[in-house]
Amino acid sequence: MRDLPRAAQVYIFVLCALAIISLLAAGTVVLAHPEWLLSVAGIAALIAFLDLFPVIVREHEVETTISTAVKISGLLMFDPSVLITSVFVGTLLAELRLRRGNVKRIFNICAMTTTYTAMAFVYRALQGDSTSIVETPQNLIALAGLAISDLLLNSLTVSLVVALATRSSVRYIWSENFRPIILHDLSMVPLGAFITILWRLTPWSVVFAAIPLGLVHYSSRMVAELRRQTYSALMVIARMLEERDEDTHRHCEHVASHAVEIAHRMGLSQGEIEVIQRAAYLHDIGKIGMNNAILFKPSTLTPTETEKSKRHVVLGAELLQSFPSFERGALYVRHHHERWDGQGYPDGLRGEQIPLGARILCVADAYQAMIEDRAYRPAMSLDAALQEVARQASIQFDPAVVRALFKAQGVPYIAPQRNVDVPHSRPDAVNA
């Protein structure tokens, strides 16, 4: 717990306090109705069992489970106190069986208890005194409200703690982890209603709910597996470039290191830094399709060869765009040779039209190229390279990124004295 940022610690503490209050209130009501204890035990046992088979969305951070449908059905069938107590007990039992750190166990138990307390309040407020589920417009409105609250509360509760713990943006964490499983989350309320309807027909018929629950669990696993395969495939492609051209591979590693340092100095979120790092590592992947005579030419390229070599950014971006989880990284690769003054390629973007990640790659790539030996020239010294980067600020490079590079290198930055019109983005500009 002490390893977490202060904000994350406070957030978890507040969740735990709310969960304890909810549990005490719900438990008091349940104990006043001993006939409800059997229902609590049954729902808690089913929740605990299903929670033992989570689908990992983000390694060590975000998971999803079909136990949500059971919790929803418990909310629809019983008093909110039964649901809240069942969620606490069921989650506690599952967490004791799963191999997790104590902080994550505590967070999961408290987050689930607090979230379903809020969801029960939303549903009861919309449902009123009605005991039906789907028979009236009010029932449907209540179910819609329940679906929205389930989607938002569950995802944002987890996204916020991950964002605070990793110093990332909530938006990025939510987009990376929960956007791909929106349909899964929304499907939980209809499934919960289906289980409730089966139960009301005859309790034994709920066994038929195992079929749709199993299908949803399987589809969620496939989505998560696709995500993992995407990043594995990207690393395979990177190794292919290494096999073909070890110098380019080594260059990309150094560019990635510079890009990460620059992004840190600019105060970007951890999630955005990860995207920039991967994009930097793969920024020259389009050279796989470059002619060997051009790629390995020991002298300066001719104008015709230079134009052909420029195609590598387009080829690289097109290759990376085929991976659904890496669209933003592909955009950075495409535009990392654009210039602040609009004289770059492939699209002639200028100023803030160029995505920030691409502007960072541009500076990191150029700086690393300057300090490397090339077949047609020797490496520049670090000081000389930095001074050249400074001279190109507001011409080739974003001056803010240049300042961040100097900070990363521990060198004072003195802006060059010149009159330069800083480009501004057009209405149709591509933004980071």
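Begin by selecting Pro346, which is found in the loop between α15 (327–334) and α16 (356–370). Helices (H or I, at least four residues) and strands (E, at least two) are DSSP runs, numbered from the N terminus. The peptide bond joining Tyr345 to Pro346 is cis, with omega at about 10°.

The structure is a predicted model, in which local features need pLDDT of at least 70 and side-chain atom pairs count only at pLDDT 80 or more, while totals for chains, interfaces and linings use all residues. Residues are numbered from 1 along each chain as its sequence is written, and side-chain values use heavy atoms, with hydrogens and water left out.

**The whole protein**

Next, display the entire protein, whose secondary structure comes to 18 helices and two strands. Of its 432 residues, 47% are buried; buried means under 20% relative accessible area, exposed over 50%, and partly exposed in between (1.4 Å probe, protein chains only). The protein exposes about 21,400 Å², and carbon and sulfur atoms supply 61% of that area, as given by the Shrake-Rupley method with a 1.4 Å probe; for residues, only the protein chains shown count as cover.

**Helices α17 and α18**

Select Ser394, in the loop between α17 (382–391) and α18 (399–409). Its phi is near 70°, a positive value in a residue other than glycine. Most residues other than glycine have a negative phi, and most peptide bonds are trans. Ser394 is buried, at a relative accessible area of 16%.

Now show the two flanking helices. The axes of α17 and α18 come within 10 Å and cross at roughly 160°. Axes are lines fitted to C-alpha atoms, for helices over the stretch in contact, and angles run from 0 to 180 degrees between N-to-C directions. The two helices are therefore roughly antiparallel; angles over 145 degrees count as such, those under 35 as roughly parallel, 65 to 115 as roughly perpendicular, and the rest as oblique. The α17–α18 crossing is left-handed, meaning that the near helix is turned anticlockwise from the far one by less than a right angle; clockwise is right-handed. On α17, select Leu386, Gln387, Val389 and Ala390, and on α18, Val402, Leu405, Phe406 and Gln409: these residues make the contact (heavy atoms within 4.5 Å). They divide into six nonpolar, two polar and no charged. Ala, Val, Leu, Ile, Met, Phe, Trp, Tyr, Cys and Pro count as nonpolar, Asp, Glu, Lys and Arg as charged, and the others, Gly among them, as polar.

Continue to Ile414, in the segment after α18. Ile414 is exposed, with a relative accessible area of 68%. Its C-alpha atom is separated by 8.8 Å from that of Arg403, 11 residues apart along the chain.

**Helix α6 and its partners**

Finally, select α6 (residues 137–166) with α7 (residues 170–177), which pack at an angle of about 120° with axes 8 Å apart. That makes α6 oblique to α7. Their crossing is right-handed. From α6, the contact includes Leu156, Leu160 and Ala163, and from α7, Val170, Ile173 and Trp174. By class, this contact of α6 with α7 has seven nonpolar, three polar and no charged residues.

Among the contact residues are Asp150 and Leu151 of α6 and Asp185 and Leu186 of α8. The contact of α6 with α8 comprises eight nonpolar, no polar and two charged residues.
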